[in-house]
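This briefing looks at how the parts of one protein model are arranged and where they touch. Please keep the sequence and the structure in view while reading.

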Amino acid sequence: MSISFSHLEGCRGLFLGSPSAARSDGLASENPVLRAERLLTESRRTNSDENAGCAEVHIQSKLKTHRLNQSFVTLATNDSYVKGALVLGSSLQQSGTTRKLTALITPQVSDPMRNTLEKVFDEVILVDILDSGDSAHLALLKRPELGITLTKLHCWELTQFSKCVFMDADTMVLSNIDELFEREELSAAPDPGWPDCFNSGVFVYRPSIETYNQLLQFATEKGSFDGADQGLLNTFFSSWATTDMNKHLPFIYNLSSTSVYSYLPAFKAFGSNTKVVHFLGSTKPWNYTYDSRTKSVEGNISDPKIVHPEFLNMWWDTYTVNILPLLEQQEVDEENTTGVNMAEVTEAVSHMSVSAPSPVLPSISSEERKARWEQGQADYMGVDSFDNIKKKLDSYLQ
Ligand SMILES: [Mn+2]
């Protein structure tokens, strides 16, 4: 028995709830609908016609339960990272996700920013290790250097959900990624710097107090080889590299900003499939200045650490269109909303190169230049400057 599309349209209204403006574009509600279609087809194959309606109701309620039981989770430890979390949350909404959105925050987050988060996320949960009498606090006393790392581990405590996808606040989705909920713990994409390690900016996991306590104990005893959550999680889930390819997410679910430059032909071939951008590095999108008239980031886009500027401009476009109006409602002071408060400017400037572009040196052969590039010694201010890379990209894409 086949199912007509109009029938599915009816289903969609029923089990996806009232469509918000962001979710009515038909973009990403496609995935659960296709899934429902498959489930319905399967059930009808195994059920007699008189039972089909019953099975349908059962599957629809099962889908709804899934939707409520699963969440995207992020963490913001200060007001700057809240900006990232807001853009991430907004991008997930725009993707038409059917899952919940949860933000963990620490006490450093101000009330107006917290109130704004509550407009985008279904749940905003304060995690305060210092104030808690639990094992996390005890672990922190022994390993004070793991402060933020241990805060991130709190995501395993969200046992109101059966499965979650954790995403760093410096990530942004470009299309629906609800299919990630079909993966098991711990699924993640390779880290570009050491591909036998996964990057912990995006990962699928199952909340569990048992796992949470094991992670804390592990952190206390072994620490983290990189001083952060990625080192800890890679040691804890050490079978990731070799055991189950289903737990290796394709790189397009966590495309790091550095990869565009370090493997340009691959970016050229596969970059258009990107689903999640991760703004790795110390200079974050909110550290840049954006010109809303030209819809582009001003100034230092030749910074080799920053992602392809189209992604950065997308981040700022989402921020300007969807987030700034929310912040204005909260009367967050102007300094906060523009992304140019002094601490951030200092941080950004300290990572900026201010030297003038060096002249192109014709004496370097293209072989030599390639070798230097591969050794990470690209001439970013000269022949390998962003403008030149962009010209090259444009010529490929024409
Ligand atoms: Mn990150």
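In this predicted model, Ala 76 stands opposite Ile 105, a residue of strand 2. The strands that carry this pairing are strand 1 (residues 70–76) and strand 2 (residues 100–105), which run parallel and are joined by six bridges.

- The open sheet is formed by six strands in the order 3-2-1-4-7-6, and the pairing within it is mixed.
- Strand 3 (123–126) and strand 6 (187–191) stand at the edges with a single partner strand each, so one side of each has no neighbour in the sheet.
- From one strand to the next, the twist averages 35°.

**Helices on the sheet**
- Helix 4 packs on the sheet, where it touches strand 1, strand 2 and strand 4 (163–167), and its direction makes about 160° with that of strand 1.
- Helix 5 also packs on the sheet, touching strand 2 and strand 3, and its direction makes about 165° with that of strand 2.

**Helix against helix**
- The axes of helix 4 (residues 79–94) and helix 5 (residues 111–120) come within 10 Å and cross at roughly 10°, and the two helices are therefore roughly parallel to each other.
- Among the residues that make this contact are Ala 85 and Leu 86 of helix 4, together with Met 113 and Leu 117 of helix 5.
- The residues of this contact divide into six nonpolar, three polar and one charged.

**The nonpolar core**
- The largest nonpolar core has 77 residues, and those with the most contacts inside it are Ala 76, Ala 85 and Leu 117.
- Leaving aside its neighbours within four places in sequence, Ala 85 is in contact with Thr 74, Ala 76, Ala 103, Leu 117 and Ala 169.

Key: Residues numbered from 1 in each chain as written. Predicted model: local features only at pLDDT ≥ 70, side-chain atom pairs only at ≥ 80, totals over all residues. Core = buried A, V, L, I, M, F, W, Y, C linked by C-beta atoms within 7 Å. Buried ≥ 20, exposed ≤ 12 C-beta atoms within 10 Å, placed from the backbone. Contact = placed C-beta atoms within 7 Å. Axes fitted to C-alpha atoms, helices over the stretch in contact; angles between N-to-C directions. Helix = DSSP H or I, 4+ residues; strand = E, 2+ residues; numbered from the N terminus. Parallel < 35°, antiparallel > 145°, perpendicular 65-115°, else oblique. Nonpolar A, V, L, I, M, F, W, Y, C, P; charged D, E, K, R; others polar. Pairing = 2+ DSSP bridges.
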